[in-house]
Amino acid sequence: MADRATLEDLVRLQGERVRALKQQKASAEQIEEEVAKLLKLKAQLGPDEGKQKFVLKTPKDFDIAGQFDPMIPDAECLKIMCEILSSLQIGDFLVKVNDRRILDGTFAICGVPDSKFRTICSSVDKLDKVSWEEVKSEMVGEKGLAPEVADRIGDYVQQHGGVSLVEQLLQDPKLSQNKQALEGLGDLKLLFEYLTLFGIADKISFDLSLARGLDYYTGVIFEAVLLQPPAQAGEEPLGVGSVAAGGRYDGLVGMFDPKGRKVPCVGLSIGVERIFSIVEQRLEVLEEKVRTTETQVLVASAQKKLLEERLKLISELWDAGIKAELLYKKNPKLLNQLQYCEEAGIPLVAIIGEQELKDGVIKLRSVASREEVDVRREDLVEEIRRKTSQPLCIC
């Protein structure tokens, strides 16, 4: 019998052969034959006792049973979300929060059959886009829910507010009797306490219509939307939906653990493509361009055979911490260099010419205004810093 190292090599080569056949879309019979050979080799290899198995572990002090505070990570995620959206300067926003346990508890006390929870949940999630009448019509007409059950749901899911609404629902004679809803409301009350400490409670709204359609959420859910001002002249309304979202999914990671251990998790995602859509549309209206580079200045030459001088100057700028670049051609035309700056959004051009070299100056050109000034070489870094510290276009 071959030694283990030889068998491992044979397994690897046979695995590559199987993958190649699949990519080539070989016949099923041929693939099955090669897979059988691969399995036979793996059987000869036996269990790999030398390698450690991957084991999911929860931190020792992270006990879901109650030794940690479950709402601190959730509050931190919401704080991070608010910081990111504020830094992007895309407009005022609101973060809506809810809890899947509250939603499920609401459905239960209103009389929704267990088998219809998820499908009714998807209808409720449309309330930010269509009216309650349309949502109710879908529930009753398309999903077979009794009209009186839909009306009871409507009494709850059309409510939104802050911690006062949480406290009000904790006193609700029906909802407070549902164990799931009571747990969710208790956690939300605690969450709002932390959000107040983090200074972001005014950005958060408890919205009972927020459902988040993914089934893996187990607790707090959240979603950020832009608060749109009236559209300006020539501007289309920005119907991009949520720009960030997330929630708690305590059961998801444990699905990949052979022992099914519970691993508490909470996370968020930012809608990058949607945010780009917003920025691009606003820049179109303002007739501004998106900068595709952080470069502050392009080092350019006005005549041929000045590559060495460009390299000397750009080295000086790099050493001073200036973000500079140059075109890689030996003798680029000045017009091409200026056009490159306009296309890439580079605000300044440092132009070297024979006369500038004689005079000991650099011609510094503003790409936007096309204004040019001669700057002494020793003063160039400071002048670039001064000019690029002024506000540029939105990017």
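1. Glu-325 is buried, at 18% relative accessibility. Buried here means under 20% relative accessible area, exposed means over 50%, and partly exposed lies in between (1.4 Å probe, protein chains only). Glu-325 sits in strand β8, residues 324-325. Helices (H or I, at least four residues) and strands (E, at least two) are DSSP runs, numbered from the N terminus. This is a predicted model, in which local features need pLDDT of at least 70 and side-chain atom pairs count only at pLDDT 80 or more, while totals for chains, interfaces and linings use all residues. Residues are numbered from 1 along each chain as its sequence is written, and side-chain values use heavy atoms, with hydrogens and water left out.

2. What surrounds Glu-325? Leaving aside neighbours within four places in sequence, Glu-325 is in contact (heavy atoms within 4.5 Å) with Thr-293, Thr-295, Val-297, Leu-298, Val-299, Ile-314, Tyr-340 and Ile-346. Two of its side-chain partners are polar. The side chain of Glu-325 joins that of Thr-295 through a polar contact of 2.6 Å. With the side chain of Tyr-340 the polar contact is 2.8 Å. A polar contact is a pair of N or O atoms within 3.5 Å; within protein, one must be able to donate a hydrogen and the other to accept it, and residues adjacent in sequence count only if both atoms are side-chain atoms. Strand β9, residues 348-352, is mostly covered, with 5 of its 5 residues buried. Leu-348, Ala-350 and Ile-352 point one way from β9, while Val-349 and Ile-351 point the other way. In a regular strand the side chains alternate between the two faces of the sheet.

3. Strand β9 has partners of both senses. With β7 (residues 297-301) the pairing is parallel, over 5 bridges. Two strands pair if DSSP finds at least two bridges between them. Ala-300 has Ile-351 as its bridge partner in β9. With β10 the pairing of β9 is antiparallel, over 4 bridges. Here Ile-351 stands opposite Lys-363.

4. Ser-301 belongs to strand β7. Its relative accessibility is 1%, so Ser-301 counts as buried. Beyond neighbours within four places in sequence, Ser-301 is in contact with Leu-306, Arg-310, Pro-332, Leu-334, Gln-337 and Ile-352.

5. Another sheet is open and has 6 strands, in the order β2-β3-β1-β4-β5-β6, with mixed pairing. The strands at its edges are β2 (160-161) and β6 (266-270); each has a single partner strand, so one side of each is left without a neighbour in the sheet. Helix α3 (residues 71-88) packs on this sheet and touches β1, β3, β4 (220-226), β5 (244-248) and β6. The direction of α3 makes about 10° with that of β6. Axes are lines fitted to C-alpha atoms, for helices over the stretch in contact, and angles run from 0 to 180 degrees between N-to-C directions.

6. Strand β1 (residues 93-99) pairs with β3 (residues 204-207) in the parallel sense, over 3 bridges. Lys-96 stands opposite Ser-205 in β3. Helix α9 (residues 179-197) lies across β1, β3 and β4. It runs at about 170° to β3.

7. Which residues have the most contacts inside the largest nonpolar core? They are Leu-85, Val-95, Val-97, Phe-107, Met-139, Ile-153 and Phe-206, in a core of 56 residues. A nonpolar core is a set of buried Ala, Val, Leu, Ile, Met, Phe, Trp, Tyr and Cys residues joined through side-chain atoms within 4.5 Å. Apart from this core lies another, of 17 residues, including Ile-322, Leu-364, Val-375 and Leu-380.

8. Val-97 has contacts with Leu-78, Leu-188, Phe-192, Ile-204, Ser-205, Phe-206, Asp-207, Leu-210, Ile-221 and Phe-222, leaving aside neighbours within four places in sequence.

9. In helix α5 (residues 117-124), the buried residues include Phe-117, Ile-120, Cys-121, Ser-123 and Val-124. They cover an arc of only 160° around the axis, which puts them on the same side of α5. The arc is that of the directions from the helix axis to the C-beta atoms. Among the elements that cover the buried residues of α5 are α4 (100-110), α6 (132-142) and α7 (147-157).

10. Gln-89 is not a glycine, yet its phi is positive, at about 55°. Gln-89 lies in the loop between α3 and β1, and is exposed, with a relative accessible area of 68%. Arg-370, also a residue other than glycine, has a positive phi near 65°. Its place is the loop between β10 (361-366) and β11 (372-376). Arg-370 counts as exposed at 54% relative accessibility.
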